[in-house]
Amino acid sequence: LLSIAMKSAAAHALRLGSQKEATTLQQAVTQDLQRHICEKYQAMVLRPALTDPKLHRAVATTLERLYTDVYRKALMDLDESVQ
């Protein structure tokens, strides 16, 4: 995180030095760090199927079965309502 903060501070210091903005250097670096942490959290916690092939296959198979069953039931219900 320290390297991300330093890179962000350097980039924003150059940008903020040349422009008159209400955003302070601290706010800009904080936003960048929050964005970085959220991206890592999403990649590791919210989207484990992208990093674990077995989990990805299990989720895909389950969803496929679920949608197939739901689709089949909807067709049967439609067929029954038409008859």
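How many helices and strands are there in the protein chain? Load the model, colour by secondary structure, and you'll find 3 helices and 0 strands, running α-α-α from the N terminus on. Helices (H or I, at least four residues) and strands (E, at least two) are DSSP runs, numbered from the N terminus.

A quick word before you click around. This is a predicted model, where local features need pLDDT of at least 70 and side-chain atom pairs count only at pLDDT 80 or more, while totals for chains, interfaces and linings use all residues. Residues are numbered from 1 along each chain as its sequence is written, and side-chain values use heavy atoms, with hydrogens and water left out.

**Whole chain**

The protein chain has about 7200 Å² of accessible surface, 62% of which belongs to carbon and sulfur atoms. Areas like this come from the Shrake-Rupley method with a 1.4 Å probe; for residues, only the protein chains shown count as cover. Of the 83 residues, 8% count as buried. Buried means under 20% relative accessible area, exposed over 50%, and partly exposed in between (1.4 Å probe, protein chains only).

**Stop 1: Ser8**

Select Ser8 in helix H1 (residues 2-18). Ser8 counts as buried because its relative accessibility is 5%. Leaving aside neighbours within four places in sequence, Ser8 is in contact with Ala28, Val29 and Asp32; contact means heavy atoms within 4.5 Å.

**Stop 2**

Asp32 is itself buried, at 17% relative accessible area. The term calls for a side-chain nitrogen of Lys or Arg within 4 Å of a carboxyl oxygen of Asp or Glu. Side chains of opposite charge can pair when their charged atoms come close. The structure holds 1 salt bridge. Both partners, Arg35 and Asp32, lie in helix H2, 3 residues apart, or about one turn of the helix. Arg35 counts as partly exposed, at 46%.

**Stop 3: His36**

Step along to His36, also in helix H2 (residues 25-46). Which residues beyond four places in sequence is His36 in contact with? Show Leu1 and Ile4. Leu1 is 35 residues away in sequence but 8.6 Å away in space, C-alpha to C-alpha.

**Stop 4: the nonpolar patch**

Finish with Leu55, Val59, Leu63, Leu66, Tyr67 and Val70, a nonpolar surface patch with about 520 Å² of accessible area together. Patches take residues with over 30% relative accessible area and no salt bridge, joining like charges within 9 Å and nonpolar side chains (Val, Leu, Ile, Met, Phe, Trp, Tyr) within 5 Å. Zoom in on Leu63, in helix H3 (residues 53-82): Leu63 is partly exposed, at 37% relative accessible area.
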